[in-house]
Amino acid sequence: MLKVLADKHVVVAMLVAPVLGLLAWFTVGQLTGEQPHRAQAGKGYPLVAQSNCRYQSGVCELRNEDMVIKLSIGEGAETVLTGRASHQLSRVLLAIGSPELDATPREMQPDGVRGKDWRIRLDALPERGERIRLVATAGGVAYYADASTQFLRSR
């Protein structure tokens, strides 16, 4: 065994082989992997609920590449759910309810003229286990999400 390790060719091969393997893995991924593309009008794209939606953070971030919508409870006497988008939105529908039942969606109202801030008044905080379902449209593209309401419990 020691004679094999004394051969400089074997030692070089043992050092170079893992590097070449990793380089090949990344190259194949770049050549054959899915390439990002622009959102196409008339199609729907999912917004992924980030980890802060699953615990009592006060904020839920929904993300798909560069489209980001942050939901939070607004300050004040009323229970108001606010949303701030990274891009101008033309319409936002929101439903809160049990995962087994279809909740009736309600329209969020724009909060300002830019179309990035939205709000909706809630009668009460959602019950434990209820989910938020959201559909936002921007430039003819629909973005949809399903997220936990656990983040609202920080209040």
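Reply: Threonine 149 lies in the segment after strand E11; helices (H or I, at least four residues) and strands (E, at least two) are DSSP runs, numbered from the N terminus. The model is predicted, so local features need pLDDT of at least 70 and side-chain atom pairs count only at pLDDT 80 or more, while totals for chains, interfaces and linings use all residues. Residues are numbered from 1 along each chain as its sequence is written, and side-chain values use heavy atoms, with hydrogens and water left out.

Is threonine 149 buried or exposed? With a relative accessibility of 3%, threonine 149 counts as buried; the term means under 20% relative accessible area, whereas exposed means over 50% and partly exposed lies in between (1.4 Å probe, protein chains only). Apart from neighbours within four places in sequence, threonine 149 is in contact with Ile96, Pro126, Glu127, Glu130, Arg131 and Ile132, contact meaning heavy atoms within 4.5 Å.

The covered face of E10 holds Ile132, Leu134, Ala136 and Ala138, and its uncovered face holds Arg131, Arg133, Val135 and Thr137. Strands of a sheet pair through backbone hydrogen bonds, either parallel or antiparallel; here two strands pair if DSSP finds at least two bridges between them. E10 pairs with E6 in the antiparallel sense over seven bridges, and within this pairing leucine 93 has valine 135 of E10 as its bridge partner. E10 also pairs with E11, again in the antiparallel sense, over eight bridges. Leucine 134 stands opposite alanine 145 in E11. The two strands E10 and E11 form a hairpin with two residues between them, and glycine 139 in the turn has a positive phi of about 60°.

Leucine 134 also belongs to the largest nonpolar core, which has 28 residues. Such a core is a set of buried Ala, Val, Leu, Ile, Met, Phe, Trp, Tyr and Cys residues joined through side-chain atoms within 4.5 Å. The members that touch the most others are Leu47, Leu62, Ile69, Leu71, Leu81, Leu89 and Leu134. Two or more residues come from each of the strands E3 (59-64), E4 (67-73), E5 (79-85), E6 (91-97), E9 (117-122), E10 (131-138) and E11 (141-148). In soluble globular proteins, nonpolar side chains tend to be buried together. Leucine 89 touches Met67, Ile69, Gly115, Trp118, Ala136, Thr137 and Ala138, leaving out residues up to four places away in sequence.

Two bridges join E2 to E3 in the antiparallel sense: alanine 49 has leucine 62 of E3 as its bridge partner, and valine 48 stands opposite arginine 63 in E3. E3 and E4 run antiparallel and are joined by six bridges, with valine 59 opposite serine 72 in E4. The hairpin of E3 and E4 has two residues between the strands, and glutamate 65 takes a positive phi near 50° there.
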